[in-house]
Structures are given as structure tokens and as C-alpha cells.
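Opening my notebook on this one. I jot things down in the order I looked them up.

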Amino acid sequence: MCENCSKSDLTLLNDVLKEFASVRGSLITILQKAQEIYGYLPVDVIYYLAEKTGNTPAKVMGVATFYTQFRLTPVGKNLIMLCKGTACHVNGADAVEKAICDYLEIKDGETSADGLFSLKTVACLGCCSLSPVMMINEDTYGSLTPQKAVEILTEIKAREEA
Ligand code: FES
């Protein structure tokens, strides 16, 4: 059986479905609520919501993949949002990304094997004067170099493992 199949507790969706299943145009709201519950949108949840809302799984999957707010894989404990907007790009975001990817052995959009970090590159985070910038959960780190980024991750990792 695939990793994401038939393992979610679908009863957690009861209240959401009771409130929204028969409301026209509420698919995005339902998916948002489902993501709040599970942290992402597992495949079995997508199929279940399709069945309960009278949509095809392809339609629900189409909506889930179209909007960047939705995640189809579980996210690590620390979500790294690395800015690749213009200012950050010009100031070396690509090298920072490469260092992060090499250190965590992941690519953009993936989660490290220990479940501690997920990486998502994003457009401007709104603090270009600090470029290149990344946010890890609620914290902002600016003026990054590849080495500084790895040091920050090493520190968080040490804290998590302590
Ligand atoms: S371009 Fe990176 S914060 Fe604006």
C-alpha cells in the first residue's frame, strides 16, 4: 500500500463536512480546513472529500495542486521558506539554496529524512533590505551566506536533538 493511502482518521472531517459539504463553491474552504486538521492534504483525504462533495478526485486534486497554499506532503517540524525574489536572487539566494539542499539532502519542496526540516522557496518575503533572507517558522534570518544558513540549521538541529 502506498505511504499516503488509507491511514488518515477521516472522522476528523465530520464537522467540516457537516458545515460545508452541501454549500456550493466551498471546496477551497473545505481543503483549507482539512489542511488545518492534518497539516497537509493526504491522498486518502482528497478521495474522501471528492466522494463527500460530489466532485471527482481529479477535480479536487486539480484544485489542491493549483493553489500554492495547499501541501500534498507532510511538512517538517521546521518549515524553511527561502526567498528567491529578485533582491535575494541577485544577492546569492541560489548559493544559499544549494547549501541548504546539500546539508539536508533534500530538494525544494521536500522534507528531510529526520522530519525536522522542509524547504520551500518563495517569492519576496517583504524584507528585501536583509536579502538574501529565509524564514524558519516564525523567525526571519537575513544577510545569509551559504555558510551562515548551514550554521543556523545546525544550531536548530542540535536544539531539537538535545
Ligand atoms: S526579494 Fe527576498 S525579501 Fe524581497
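Started at Asp 15, which counts as exposed because it has 11 C-beta neighbours inside 10 Å. My cut-offs: with C-beta atoms placed from the backbone, a residue is buried if 20 or more other C-beta atoms lie within 10 Å of its own, exposed if 12 or fewer, and partly exposed in between. Asp 15 lies in helix α1 (residues 14-20). I call helices and strands by DSSP runs numbered from the N terminus, helices being H or I with at least four residues and strands E with at least two. I also checked Asp 15 against Ala 95: they are 80 residues apart in sequence, and 46 Å apart in space from C-alpha to C-alpha.

Housekeeping before I go on: this is a predicted model, so I note that local features need pLDDT of at least 70 and side-chain atom pairs count only at pLDDT 80 or more, while totals for chains, interfaces and linings use all residues. Residues are numbered from 1 along each chain as its sequence is written.

**Overall layout**

Reading from the N terminus, I get α-α-α-α-β-α-α-β-β-β-α. The C-alpha atoms fill a box of roughly 50 × 35 × 25 Å along the principal axes. Of the 162 residues, 20% count as buried.

I looked up the domains next; the bounds come from an automatic or database domain assignment. It gives domain 1 (10-66) and domain 2 (78-161). Their C-alpha centres lie 31 Å apart.

For contacts I use C-beta atoms, placed from the backbone, within 7 Å. Among contacts with a separation of 6 or more, 61% are between residues 24 or more positions apart.

**Cores**

Which residues touch the most other members of the largest nonpolar core? Leu 82, Cys 83, Ile 100 and Met 134 do, in a core of 16 residues. By nonpolar core I mean a set of buried Ala, Val, Leu, Ile, Met, Phe, Trp, Tyr and Cys residues joined through C-beta atoms within 7 Å. The elements giving two or more residues to this core are β1 (78-83), α6 (93-104), β2 (117-122) and α7 (146-161). The most comes from α6, with 4 residues.

I followed Met 134 further. Setting aside neighbours within four places in sequence, Met 134 is in contact with Ile 80, Met 81, Leu 82, Cys 83, Tyr 141, Leu 144 and Ala 149. Another core of 11 residues lies apart from the largest one, and its members include Leu 31, Ala 34, Leu 49 and Ala 64.

**α2 against α3**

Two packed helices are described by the angle between their axes and the distance between the axes. The axes of α2 (residues 27-38) and α3 (residues 43-53) come within 12 Å and cross at roughly 145°. I take axes as lines fitted to C-alpha atoms, for helices over the stretch in contact, with angles from 0 to 180 degrees between N-to-C directions. From α2, Leu 27, Ile 30, Ala 34 and Tyr 38 meet Val 45, Leu 49 and Thr 53 of α3.

Most residues other than glycine have a negative phi, and most peptide bonds are trans. I went looking for exceptions. The peptide bond from Ser 131 to Pro 132 is cis, with omega near -5°. Pro 132 is in the loop between β2 and β3 (134-136).

Asn 137 has a positive phi, near 50°, and is not a glycine. I find Asn 137 in the loop between β3 and β4 (139-141). Asn 137 is exposed, since 10 other C-beta atoms lie within 10 Å.

Ser 143 also has a positive phi, about 50°. Ser 143 sits in the loop between β4 and α7. With 11 C-beta neighbours inside 10 Å, Ser 143 counts as exposed.

Beyond four places in sequence, Pro 146 is in contact with Ala 95, Val 96, Lys 98 and Ala 99. Pro 146 and Ala 99 are 47 residues apart in sequence but 5.3 Å apart in space, C-alpha to C-alpha.

Lys 7 counts as partly exposed, with 13 C-beta neighbours inside 10 Å. The C-alpha atoms of Lys 7 and Asn 137 are separated by 27 Å, with the two 130 residues apart along the chain.

How values were computed. Contact = placed C-beta atoms within 7 Å.
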